Amino acid sequence: MIDEARVGATVDNYRRIKDRVMEAAVKAGRKPEEVRLMCVTKTIEAEYINPVLDDGADLIGENRVQEYLGKKDSLHLDGVEKHLIGHLQTNKVKQIVGEVDMIQSVDSLKLAKEISKVSVNRGLVSKVLLEVNIGNEESKSGVSADCLEELVCGVAQLEGIKVKGLMTIPPICDENEARKYFSLMYKRFIDIRDKNLDNIDMEILSMGMSGDFEAAVYEGSNLVRVGSAIFGARRYF
Ligand SMILES: *Cc1c(COP(=O)(O)O)cnc(C)c1O
C-alpha cells in the first residue's frame, strides 16, 4: 500500500530542498541553475521516488549496483540522469557500465582501469568523478588528497574513461568544520582544473548532503547529493 501522506511529504521536501539549494547558490554569488540537486534514492521504493521524478527531479544517485538494477525498470527515468555514488567493487564493473550516466566513486587506478576496459569493449566512454577521502578517514573509501594528483594522471591515460570532476564525503562534524573540508576540496578542484590536463574536465564538484549542502554550496559545490532530507530517514543501510 502506498502511503499517500508520505508521497505528499516527499514531494514537499523535494520542492523545499530545491529552493534552498537555489537560494544558497545565489547567496554564494552564483546563478541558481549552476548547482544541481541530486536525489539520493538508495533504499527507497519506486513508489516514493517516481512522484519526485514526475515533479521535475532530473538527477538520481544510487549506492548499490544490485539495488539499482533491480528497481530501475520501475522508475520514471525519461530525461533523468542516473549516477552511481556508492563504493564500486571491481567485480561489479561489468554490470554497471552503460547502465548509469556517471560513476562518482572512482577511487583507485585499478578500478578505473577495469571501467575503462569494459567501456572500450562496449564502444563506450564512461564519465566518472574521482572520490577523495578529504578527511583521511580509515573507514571511508576515496583516494587521499596526497595521492589525488597521481590518480588523476593515471586515469587521464585511459581511453574508456572521461574524468568530469571530484566527489567527497567529509567526516561527520559540525557545519563549520565541514566548511573547512569543502574548502580544501575546492582548492584541489581548482588546482587540477587550472592544469588543463588532457582528458580531464574539472566541471563537477560533488559535495554536500542532507545536513551540510548549504555549507558545501558556499564553498563551491555544484552538485549536492540529498537523500534523507527528501525521502525521510532510511530504515536500513
Ligand atoms: C547516502 C548518501 C548520500 C545522501 O545522504 P543524506 O545524508 O541522506 O542526504 C549522499 N552521498 C552518498 C555517497 C551517500 O551514500
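Begin by selecting Arg 225 together with the ligand: an N or O atom in the side chain of Arg 225 lies 2.8 Å from a nitrogen atom of the ligand. Such a pair is a polar contact, meaning two N or O atoms within 3.5 Å; within protein, one must be able to donate a hydrogen and the other to accept it, and residues adjacent in sequence count only if both atoms are side-chain atoms.

The model is predicted, so local features need pLDDT of at least 70 and side-chain atom pairs count only at pLDDT 80 or more, while totals for chains, interfaces and linings use all residues. Residues are numbered from 1 along each chain as its sequence is written, and side-chain values use heavy atoms, with hydrogens and water left out.

**The ligand and its surroundings**

Keep the ligand in view and select Ser 210, which has a polar side-chain atom 2.5 Å from an oxygen atom of the ligand. Next, select Asn 63; here a polar side-chain atom is 2.8 Å from an oxygen atom of the ligand. The protein covers 90% of the 390 Å² of accessible area that the ligand has on its own (areas come from the Shrake-Rupley method with a 1.4 Å probe; for residues, only the protein chains shown count as cover).

Which residues surround the ligand? Among them are Val 40, Lys 42, Ile 85, Ile 169, Met 209, Gly 227 and Arg 234, where a residue counts as near if one of its heavy atoms lies within 4 Å of the molecule.

**Salt bridges**

Side chains of opposite charge can pair when their charged atoms come close. A salt bridge is a side-chain nitrogen of Lys or Arg within 4 Å of a carboxyl oxygen of Asp or Glu, and by this rule there are 18 salt bridges.

Select Glu 214 and Arg 20, whose side chains form a salt bridge at 2.9 Å, N to O. This pair links distant parts of the chain, 194 residues apart: Glu 214 belongs to helix H8 (residues 213–218) and Arg 20 to helix H1 (residues 4–27). Helices (H or I, at least four residues) and strands (E, at least two) are DSSP runs, numbered from the N terminus.

Move on to Arg 36 and Asp 58, which meet in a salt bridge at 3.7 Å, N to O. Arg 36 lies in strand S1 (residues 36–40) and Asp 58 in the loop between helix H2 (46–54) and strand S2 (59–62), so the pair ties together parts that are 22 residues apart in sequence. Arg 36 is partly exposed, with 27% relative accessibility, and Asp 58 is partly exposed, with 35%.

Now select Asp 194 and Arg 193, whose side chains form a salt bridge at 3.9 Å, N to O. Asp 194 is exposed at 51%, whereas Arg 193 is partly exposed at 39%.

From Ile 96 to Ala 215 the C-alpha distance is 32 Å, and the two are 119 residues apart in sequence.

Finally, select Asp 212, in the loop between strand S8 (200–206) and H8. Asp 212 is buried, at 15% relative accessibility.

How values were computed:
Buried < 20%, exposed > 50% of the residue type's maximum accessible area, 1.4 Å probe, protein only.
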